[in-house]
Structures are given as structure tokens and as C-alpha cells.
Amino acid sequence: MTTFATVLSGLLRTEPGRPLVTFYDHATDERVELSVTTYANWVAKAASLLADEHDLERGQTMYVDLPPHWLTPVFLGAAWTVGLVVGDAEDADVVVTGPDGVASWAGRADEVVVLACSLRPMGVRFADPLPAGVHDVGIEIWGQPDAFTPWDPPTGDDDALPGITQAEMWRTAAAGSLLTDGGRLLSEANPASPPGIATFVEPLARSGSLVLVSHAEPGWLEATYTSERATARFPCADQGPRAG
């Protein structure tokens, strides 16, 4: 495993129909489940949006300003498919934001590509027009193809995160301790945050899956853990991973 594309293509060959990302929002009762194939389709569309629509290239930087949501791992995968570094706001060539970030990022839309996600069910468009220069992902992504091949594919030596190559990231993920091979990790952590990255990449590297919970209600977490047949949780009561 040296690149995101290598990892995802391996999962597509062996387990295309199994769940990969399951998302819950306890505040709205929303539940979204992406199989390996469905996730790959969304990643391809998002990668095409980045590279073909907005001319982003290998080595540039994406800042993911999204809350815990199923679109967060989609855009992480799209970034690494194109060869973008998922980095900090000050270095960003492209920003992916949610409704709460639109107003602040609109003022920088002449400097960076600003892609806004409504976070409404099924990834649909914003109900109201966005500020000039801000692109509505819910409009632009649907016309993108279900397959994407970069003209300049990243290698394992390309950075996935600042100072961490794709090969290093996947090597660390494969040796991680959040869950056993084939396990199912329930997490409240944002996959785009420094501690949350592992909750997304380790399940991919270890043929597992992620159950991502937003606005978690403590009384519902145990029921979600049980109903989704999770095998580990992050964080648990002592702020560490729990297996079992």
C-alpha cells in the first residue's frame, strides 16, 4: 500500500459491496451508508471536480473545513487521488467548507478555490444562492464522471499530509491499533482533524470500515455501536481506543 488509489482499488477488487463509511447525525436522525463502490464513485466525482473543473494539480494544498460528515472522507480521498496535500488554511490552494464557513471564506474566493457543501441529505445544493466566487458542490459535482484517472498520478513519495508521504501514512495506518483487521470503528472524531485522520485511514488500510457519528447523543451511542456491529470505539471514556 503506497497510495490512496492503490488502497481503494484493492478494496474495489475484493469487497466492492461492503459498507465502508456509515454516517449518523444524531441531531437530525440522518443515516447515510456508502459501500466501497459508492464511496469510490463519490471520490471520482470529487477528484474530477478538483482537477478538471478547477485545475488543481498534484502538490497543491487542500484545507478541509468540514465538520464530521460523510463528505469529509470523500474529499480526503479525492485530494489524495489528485495528489493534493491535506494541509492548513494558510497554505491552501483550495478550501472545502460547510455552511458555517461560507461567509468567512467568501472574502478569499479571489485567492483560493472555495468549494461549499450544503451538508443537506444526498449532498444536494444550497437552498439559497452563494456569494460570488463560492462554488456550490451540490451543483457542480453531479455532472462529474463516476471514474477518474489523473493525468499526473501521485506516487507514494507525494505528501498526503504536511511532511508525511502517502506511503508513510498507509504504512502507519496498517500498523495502527484502533481496530483489528476487518473491524468496524465507531468514531466521533472529525476525519479531517489531526487525531481524526487515523480513524479514517486505518479502517481502509485494514479492510475495515468507519461508523462516523456527528452531534453524538450519549444515550444513543451504545445503541448505534450495537446496531452497527462496531468492534472498536474512538474515543472511549478514557479518551483512548476501545476494542471489543
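# Close-up views of a predicted model

**View 1. Helix α6 and its cover.** The buried residues of α6 (166–174) are covered by elements that include α1, α3 (71–82), β8 (159–161), β9 (164–165) and α7. Helices here are DSSP runs of H or I with at least four residues, strands are runs of E with at least two, and both are numbered from the N terminus. The structure is a predicted model, in which local features need pLDDT of at least 70, side-chain atom pairs count only at pLDDT 80 or more, and totals for chains, interfaces and linings use all residues. Residues are numbered from 1 along each chain as its sequence is written, and side-chain values use heavy atoms, with hydrogens and water left out. Q166, A167, M169, W170 and A173 are the buried residues of α6. Their directions fall within an arc of 160 degrees down the axis of α6, so they line one face of the helix. The arc is taken over the directions from the helix axis to the C-beta atoms. R171 and T172 are exposed on the other side of α6. Buried means under 20% relative accessible area, exposed means over 50%, and partly exposed lies in between (1.4 Å probe, protein chains only). An α-helix has 3.6 residues a turn, so residues three or four places apart point the same way.

**View 2. Q166 within α6.** Q166 is part of helix α6. Is Q166 buried or exposed? Q166 is buried, at a relative accessible area of 0%. Neighbours within four places in sequence are set aside for its contacts, which are T2, T3, F4, W80, P154, T155, G156, D158, D159 and A160. Contact means heavy atoms within 4.5 Å.

**View 3. The largest pocket.** The largest pocket holds about 350 Å³ of space. Its lining has 19 residues, and L161, A192, S193, P194 and I197 are the closest to its centre. A pocket is an open set of points on a 1 Å grid over the protein atoms alone, where a 1.4 Å probe fits, with protein on both sides within 12 Å along at least five of seven lines; lining residues have an atom within 4 Å of a point. Grid points are joined across faces, edges and corners, and the volume is the space filled by probe spheres set on the points. β3 (61–65), α6 and α7 (197–205) each give at least two lining residues. Which element supplies the largest share of the lining of the largest pocket? The answer is α7, with four residues. By class, the lining has 13 nonpolar, three polar and three charged residues. Ala, Val, Leu, Ile, Met, Phe, Trp, Tyr, Cys and Pro count as nonpolar, Asp, Glu, Lys and Arg as charged, and the others, Gly among them, as polar.

**View 4. The second largest pocket.** This pocket has a volume of about 270 Å³. Its lining has 19 residues, and A5, L8, V43, T81 and F148 lie nearest its centre. α1 (4–14) and α2 (36–53) each supply at least two of the lining residues. The classes are 13 nonpolar, five polar and one charged.

**View 5. The nonpolar cores.** The largest nonpolar core has 56 residues, of which Y39, L50, M62, F75, W80, L115 and W170 touch the most other members. Its largest share, eleven residues, comes from α2. Apart from it lies another core of eleven residues, including V102, A109, A116 and F126. A nonpolar core is a set of buried Ala, Val, Leu, Ile, Met, Phe, Trp, Tyr and Cys residues joined through side-chain atoms within 4.5 Å.

**View 6. L50 and D55.** Beyond neighbours within four places in sequence, L50 contacts D55, L56, M62, A78, A79, V82, L84, V94 and L115. D55 sits in the loop between α2 and β3. Its phi is near 60 degrees, a positive value in a residue other than glycine. D55 counts as exposed, at 57% relative accessibility.

**View 7. D29 in its loop.** D29 lies in the loop between β1 (19–25) and β2 (30–35). D29 is not a glycine, yet its phi is positive, at about 70 degrees. Its relative accessibility is 61%, so D29 counts as exposed.

View 8. L186 lies in strand β10 (residues 184–187). L186 is buried, with a relative accessible area of 0%. Not counting residues up to four places away in sequence, L186 touches V211, V213, L221, T224, Y225, A230, A232, R233 and F234. The peptide bond from F234 to P235 is cis, with omega near -15 degrees. P235 is in the loop between β12 (232–234) and β13 (242–243).
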